[in-house]
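Please read these points with the coordinates open.

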Amino acid sequence: MAKTDPLVTVLKLAVAAEEKAALQLKAAQFERQKRQGQLDALNNYRLDYMKQMEGHTGTTLRANQYHQFHQFIRQVDQAILQQMAVVKDGEKQVGYRQQHWQETQQKRKAVEMLLAKKATKEQIAESKREQKMSDEFAMQQYFRQKMK
């Protein structure tokens with residue numbers, strides 16, 4: 001039974017780690033998009049509410065209605081600020097995941113390169129062995145011819 005190269009096992013582990021990192025990156029990107037969508041929805045909601053209040057321009061608003069409007073806008077603005085922080089955190093996570101994925105990709109490529117170099121060395125050694133055997137065979141044939 002042929003002995004398996006430990007580098008093949010290392011390569012399998014590196015490929016698995018890279019695939020896992022790629023999935024984590026994809027999940028982080030999806031989460032960032034989701035968070036950005038929520039921020040966009042909040043901004044659109046605020047804009048719609050402001051337009052709605054502009055429609056009341058010229059009409060009489062009671063003081064408590066005006067106060068409630070401004071209080072509500074402050075709450076929406078606060079939610080927007082909080083969501084902006086959440087989006088920024090999501091962007092950081094994507095950056096971290098991207099870097100991790102690139103590192104795992106580099107490790108996999110390094111192991112593949114080592115395996116390729118090893119295969120090349122083995123191929124050269126095998127060629128030399130074959131050449132040596134061929135030379136010995138030719139030499140034996142030559143001496144046999146001379147002996148006859």
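1. Aromatic pairs. Four aromatic pairs occur in the structure, where a pair means rings of Phe, Tyr or Trp (its six-membered ring) with centres within 6.5 Å, planes under 30 degrees apart being stacked, over 60 edge-to-face and the rest tilted. Tyr45 and Phe72 make one of them, an edge-to-face pair with 5.9 Å between centres and 75 degrees between planes. That pair joins distant parts of the chain, since Tyr45 sits in helix α1 and Phe72 in helix α2, 27 residues apart. Helices here are DSSP runs (H or I, at least four residues), and strands are E runs of at least two, numbered from the N terminus.

2. Tyr45 is partly exposed at 44% relative accessibility, and Phe72 is partly exposed at 24%. The classes are buried under 20% relative accessible area, exposed over 50% and partly exposed in between (1.4 Å probe, protein chains only).

3. How are the rings of Tyr49 and Phe72 arranged? Their centres are 4.7 Å apart and their planes stand at 55 degrees, so this pair counts as tilted. Because Tyr49 lies in helix α1 and Phe72 in helix α2, the pair ties together parts that are 23 residues apart in sequence. One aromatic cluster takes in Tyr45, Tyr49, Phe69 and Phe72.

4. Basis of the values. The model is predicted, so local features need pLDDT of at least 70 and side-chain atom pairs count only at pLDDT 80 or more, while totals for chains, interfaces and linings use all residues. Residues are numbered from 1 along each chain as its sequence is written, and side-chain values use heavy atoms, with hydrogens and water left out.

5. Arg46 and Asp77 form one, with their closest N and O atoms 2.3 Å apart. This pair also links distant parts of the chain, with Arg46 in helix α1 and Asp77 in helix α2, 31 residues apart. Arg46 is partly exposed at 25% relative accessibility, as is Asp77 at 26%.

6. Salt bridges within a helix. Arg35 and Glu31 meet in a salt bridge at 3.3 Å, N to O. About one helical turn separates the two, because they are four residues apart in helix α1 (residues 6-54). Is Arg35 buried or exposed? Arg35 is buried, at 17% relative accessible area, whereas Glu31 is partly exposed at 28%. In helix α2, Glu126 and Arg129 are three residues apart and so are separated by about one helical turn. The closest N and O atoms of their salt bridge are 2.6 Å apart. Glu126 is partly exposed at 34%, and Arg129 is partly exposed at 46%.

7. A charged network. Salt bridges link Glu18, Arg108 and Glu112 in a network.

8. Ala85 and Arg35. Ala85 belongs to helix α2 and is partly exposed, with a relative accessible area of 47%. Its C-alpha atom is separated by 9.9 Å from that of Arg35, 50 residues away along the chain.

9. Nonpolar surface patch. Which residues form a nonpolar patch on the surface? Met139, Tyr142 and Phe143 do, with about 330 Å² of accessible area together. Patch residues have over 30% relative accessible area and no salt bridge, with like charges joined within 9 Å and nonpolar side chains (Val, Leu, Ile, Met, Phe, Trp, Tyr) within 5 Å. Met139 is in helix α2 (residues 63-147) and is partly exposed at 47% relative accessibility.

10. Overall form. The chain has two helices and zero strands. Its radius of gyration is 35 Å, well over the 15 Å given by the globule rule for 148 residues, so the chain is more spread out than a compact globule. That radius is taken over C-alpha atoms, and the rule is 2.2 Å times the number of residues to the power 0.38. Along the principal axes, the C-alpha atoms fill a box of roughly 130 × 25 × 20 Å.

11. Of the 148 residues, 16% are buried. The accessible surface of the chain is about 12100 Å², and 57% of it belongs to carbon and sulfur atoms, by the Shrake-Rupley method with a 1.4 Å probe; for residues, only the protein chains shown count as cover. Among contacts (heavy atoms within 4.5 Å) with a separation of 6 or more, 90% are between residues 24 or more positions apart.

Key. Salt bridge = Lys/Arg side-chain N within 4 Å of Asp/Glu carboxyl O.
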